[in-house]
Amino acid sequence: MTKKITGKTKLLGVIGHPVEHSLSPVMHNAALAQLVVRVASRREDIAQLGLDYVYLPFPIEPQNLEVAIAGFAAIGVIGFSVTIPHKQAIIPLLSEITPLAQTIGAVNTVSRQNNKWVGTNTDIEGFIAPLQTTYKQDWSQKVAVILGNGGAARAVVAGCIQLGFAQIHVVGRNMQRLQEFRNSWSNSTLAEKFQVHQWEELPKLIPQANLLVNTTPIGMYPKVDESPLSVEEIANLPTGAIAYDLIYIPKPTQFLQQAEKQGAIAIDGLEMLVQQGVAALKIWLQQETLPVEVMRQALQNHLGLGK
């Protein structure tokens, strides 16, 4: 079914810089098309049901962020996803942010409510989804080791706290940035629930890890031969631990290939991408039932992975 864009079509999208590589339009437009097919099969008026949407990528440079958000309000954009480098910079431009996004200090989903921009964070929901379903276990006796201390690490820390990990260790290369990361949680009760470490401490942390998460961009396309850890560092990862890389191109990353050789279970960022997208669509469309499998399949097809 070909999507017809009309004067009634509502706008959704993703902002970032760069944003050309984003797979969100593939996933969201597949879901929107499926919802339209469902409605059409019931011979109902699509526009009346509010399902006439299109999802577009918007490349927005940091210096243009404020004027872009004002422009979105002017043209009636319903909502948008936020990716690097805007997840923290956008906060002062929003009328309201949810307590969750406030705690993390990063927004990845914005919706228009009562003529105001409201920001939240669905990355946590996306991150923990596979750990609550396919790989579900009692995390209360487990140790999480998180590589990196940027915006993505914030959602992972909050997710690990939500899952109830016994110990959460955040590892970074720059002591000043690590301290800033730690201090930025000081107004939250979550600050006591994790520790920060310099990279040199990894040899003693990796043997304890039940969950090892890469939140750094190291190993992302086009630098597919890179990994945040050396072969020697990852060699001490316990058999049966979960290695989780937030990167989804390439699939699998060098980091996950190394981890699997050590007998680890590998999870890549594709499922997180799908699940945070599902959570965002629920907010924008005010619908609980969404075609999750269609979204997942659209991404796999796009990446040439098939079923």
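A residue is called buried at under 20% relative accessible area, exposed at over 50% and partly exposed in between, with a 1.4 Å probe and protein chains only. Helices (H or I, at least four residues) and strands (E, at least two) are DSSP runs numbered from the N terminus. The model is predicted, and local features need pLDDT of at least 70, side-chain atom pairs count only at pLDDT 80 or more, while totals for chains, interfaces and linings use all residues. Residues are numbered from 1 along each chain as its sequence is written, and side-chain values use heavy atoms, with hydrogens and water left out.

In helix α12 (residues 292-302), the buried residues are M295, R296, Q297, A298, L299 and Q300, and just after this helix G304 takes a positive phi of about 70 degrees.

Two strands are taken to pair if DSSP finds at least two bridges between them. On that basis, 6 strands form an open sheet with mixed pairing, in the order β2-β1-β3-β5-β6-β4. Because β2 (53-59) and β4 (96-97) stand at the edges with a single partner strand each, one side of each is left without a neighbour in the sheet. Strands β1 (residues 10-16) and β3 (residues 79-82) pair in the parallel sense over 4 bridges, and V14 has S81 in β3 as its bridge partner.

A nonpolar core is a set of buried Ala, Val, Leu, Ile, Met, Phe, Trp, Tyr and Cys residues joined through side-chain atoms within 4.5 Å. The largest such core has 34 residues, and those with the most contacts inside it are F127, L131, C160, L211 and Y244. Its largest share, 8 residues, comes from α6. Apart from it lies another core, of 23 residues, among them V19, A31, M295 and L299.

Rings of Phe, Tyr and Trp (its six-membered ring) pair if their centres lie within 6.5 Å, with planes under 30 degrees apart counted as stacked, over 60 as edge-to-face and the rest as tilted.

| Pair | Centre to centre | Angle between planes | Class |
|---|---|---|---|
| W139 and F165 | 5.0 Å | 25 degrees | stacked |
| F181 and F194 | 5.7 Å | 75 degrees | edge-to-face |

F181 lies in helix α7 and F194 in the loop between α7 and β9 (195-198), so their pair ties together parts that are 13 residues apart in sequence. Both F181 and F194 are buried.
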